[in-house]
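Here is a guided walk through one protein model, taken step by step. Keep the sequence and the 3D view side by side as you read.

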Amino acid sequence: MDAKELWQAFQKEKNIGDVPYEAWAFGGAPDKLAELVKKGIKTATSSLNCWYESGEERLPQAGDYSVILDAKGNAVCIIQATRVFVVPFCDVSEAHARKEGEGDLSLAYWRQVHQDFFSGELKERKMVFSETMEIVCEEFQLIFAA
């Protein structure tokens, strides 16, 4: 099922009119992370604020809908953002790391995995990671699954 088909099924079941949504896959391990969302384990994500500041993407906002895709572009589930905030990487909290639902749920694990991931993204653009870089932290709730 593709994003449009899942969105239409959600609209029909919830009797929701024409509301905008984004369709995207998590970076790094899209299948694993989408499955964590579908299981209700992953209720947050994070990204580099510099992508939003550059105008490449629109900064997410509370209330936004997203269709989460797997690595092949298949729709897995729909989430709705509940909270979005920006903090330096070094100030991401243990609570946020736990909500991301990855690894052992610790802040140490989150920092290592995300520093590696963000460093790779930045290297492609000839930028260097810093612990003071702003991170967009997004919390969400699972509202519909394929």
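**A walk through the model**

Lys126 is exposed, with a relative accessible area of 78%; here exposed means over 50% relative accessible area, buried means under 20%, and partly exposed lies in between (1.4 Å probe, protein chains only). Lys126 sits in the loop between H5 and E5, where helices (H or I, at least four residues) and strands (E, at least two) are DSSP runs numbered from the N terminus. Although Lys126 is not a glycine, its phi is positive, about 60°.

Before going further, a word on what you are looking at. This is a predicted model, in which local features need pLDDT of at least 70 and side-chain atom pairs count only at pLDDT 80 or more, while totals for chains, interfaces and linings use all residues. Residues are numbered from 1 along each chain as its sequence is written, and side-chain values use heavy atoms, with hydrogens and water left out.

Helix H5 covers residues 107-124, and its 18 residues should span 26 Å at 1.5 Å a residue; the expected span is 1.5 Å times one less than the number of residues. The end C-alpha atoms of H5 are 26 Å apart, which agrees. Which residues of H5 are buried? They are Leu107, Trp110, His114, Phe118 and Leu122. These residues cover an arc of only 75° around the axis, which puts them on the same side of H5; the arc is that of the directions from the helix axis to the C-beta atoms. On the face turned away from this buried side, H5 carries the exposed residues Ala108, Lys123 and Glu124. The cover over the buried residues of H5 includes strand E2 (44-48), helix H3 (49-53), helix H4 (94-100) and strand E5 (134-145), with contact meaning heavy atoms within 4.5 Å.

Now turn to helix H1, at residues 3-14. H1 has 12 residues and reaches 16 Å from its first C-alpha to its last, close to the 16 Å expected at 1.5 Å a residue. Its buried residues are Ala3, Leu6, Trp7, Phe10 and Gln11. Seen down the axis of H1, these fall within an arc of 140°, so they line one face of the helix. Exposed residues Lys4, Lys12 and Glu13 are carried on the face of H1 turned away from the buried side. Among the elements covering the buried residues of H1 are E1, strand E3 (65-69), strand E4 (75-88) and E5.

The loop between H1 and E1 holds Asn15. Asn15 is exposed, with a relative accessible area of 71%, and its phi is near 55°, a positive value in a residue other than glycine.

Moving on to strand E1, you will find Glu22 there. Is Glu22 buried, partly exposed or exposed? At 44% relative accessibility, Glu22 counts as partly exposed. Leaving aside neighbours within four places in sequence, Glu22 is in contact with Tyr65, Ser66 and Val67.

In the loop between E1 and H2 lies Phe26, which is buried with a relative accessible area of 5%. Not counting residues up to four places away in sequence, Phe26 touches Leu33, Ala34, Val37, Lys42, Thr45, Ile68 and Phe140.

Another buried residue is His96, with a relative accessible area of 2%. His96 belongs to helix H4, and among the residues it touches are Ala44, Phe85 and Cys137.

Last comes the space left open by the protein. Rolling a probe the size of a water molecule over the atoms shows where empty space is left. The largest pocket has a volume of about 820 Å³. Grid points are joined across faces, edges and corners, and a volume is the space filled by probe spheres set on the points.

The largest pocket is lined by 34 residues, of which Trp24, Ala25, Gly27, Ser46 and Ser47 lie nearest its centre. The largest share of this lining, seven residues, comes from H5.

Notes: 1 Å grid on protein atoms, 1.4 Å probe; cavity = no way out; pocket = protein on both sides within 12 Å on 5 of 7 lines; lining within 4 Å.
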